[in-house]
Amino acid sequence: MPETAPHISGLHGQAESGVISAVLWLKLGIETVGALIIALGILSAGWLLLKALARRQTADFTAIRLTLARYLALALEFQLGADILSTAIAPSWEQIGKLGAIAVIRTALNYFLSREMREERPRVSHEDKIVARAEN
C-alpha cells in the first residue's frame, strides 16, 4: 500500500498542474478576446468620428462615445471573467486580494459606463431623428 501513495500524489499533482495550465490558457484567451473587443470598439468609434468630421457634424459626439462605451462595457465583462478564473487558481490571499480589488474596479467601471449609456440613449435617439429629418 505505501507504494501506491507516491503514485497517487504524483497523479494528483499532474492533474492539478494540468487544470492550472488549462485555466491559465483559458484566462489568456478570454483576456485576448477582451482586448480584441476594445480594439474593435476603438476602430468603430474612430470610423464614426472620421465620418462625423467629414460631414462637419462635430457639435456633439455623444453617439460616438456611446458606441465606444458599449464595446468597453462588453470588454470589461470578459476581463472580469478572466479575473474570476484567476481567483480559482490564486496561490495566496495576497493574490486573491489583488484580483478582488481589480474585479471591484472593473465592476464599478462597467456600472458607470452602463449607467451613462442608459442616460444618454434617449438623447441620442432624439438627435438621430433630428438628423434623419434634416437629411430628407
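Me: Is Glu-119 buried or exposed?

Reply: In this predicted model, a residue counts as exposed when its relative accessible area is over 50%. Glu-119 has a relative accessible area of 53%, so Glu-119 is exposed.

Me: Which residue does Glu-119 meet in a salt bridge?

Reply: A salt bridge here pairs a side-chain nitrogen of Lys or Arg with a carboxyl oxygen of Asp or Glu within 4 Å. The partner of Glu-119 is Arg-115, at 3.8 Å from N to O. These two are about one helical turn from each other, because they sit four residues apart in helix H3. Arg-115 is partly exposed, at 34% relative accessibility.

Me: How many salt bridges does the whole structure have?

Reply: A search finds five. Another of them joins the side chains of Glu-94 and Lys-98, at 3.4 Å from N to O. Glu-94 and Lys-98 are also in helix H3, four residues apart, which means a separation of about one helical turn. Glu-94 counts as exposed at 55%, and Lys-98 as partly exposed at 47%.

Me: Which salt bridge links distant parts of the chain?

Reply: Look at Arg-65 and Glu-116, whose side chains meet at 1.9 Å, N to O. Arg-65 belongs to helix H2 and Glu-116 to helix H3, 51 residues apart. Both are partly exposed: Arg-65 at 43% relative accessibility, Glu-116 at 28%.

Me: Which residues make up the largest nonpolar core?

Reply: A nonpolar core is built from buried residues, and buried means under 20% relative accessible area. The largest one here has six members: Leu-66, Ala-69, Ala-73, Leu-76, Leu-113 and Met-117. Helix H2 (62-88) and helix H3 (93-135) each give two or more residues to this core. H2 has the largest share, with four. Setting aside neighbours within four places in sequence, Leu-113 contacts Ala-69, Leu-72, Ala-73 and Leu-76.

Me: What does Thr-67 touch?

Reply: Thr-67 lies in helix H2 and is buried, at 11% relative accessible area. Apart from residues up to four places away in sequence, Thr-67 touches Ser-44 and Leu-48.

Me: Where is Leu-50 found?

Reply: Leu-50 is in helix H1, residues 4-55. At 52% relative accessibility, Leu-50 counts as exposed. Together with Trp-47, Leu-49 and Leu-53, Leu-50 makes a nonpolar surface patch of about 410 Å².

Me: What does UniProt list for residues 33-50?

Reply: An unreviewed UniProt entry lists them as "transmembrane region". In the model, this stretch is 100% helix and 0% strand, with its end C-alpha atoms 25 Å apart.

Definitions and conventions:
Residues numbered from 1 in each chain as written. Predicted model: local features only at pLDDT ≥ 70, side-chain atom pairs only at ≥ 80, totals over all residues. Heavy atoms only, no water. Core = buried A, V, L, I, M, F, W, Y, C linked by side-chain atoms within 4.5 Å. Buried < 20%, exposed > 50% of the residue type's maximum accessible area, 1.4 Å probe, protein only. Contact = heavy atoms within 4.5 Å. Patch = residues over 30% accessible without salt bridge, like charges linked within 9 Å, V, L, I, M, F, W, Y side chains within 5 Å. Areas by Shrake-Rupley, 256 points an atom, 1.4 Å probe, with all protein chains shown as cover. UniProt positions renumbered as here; feature names shortened; annotations may be inferred.
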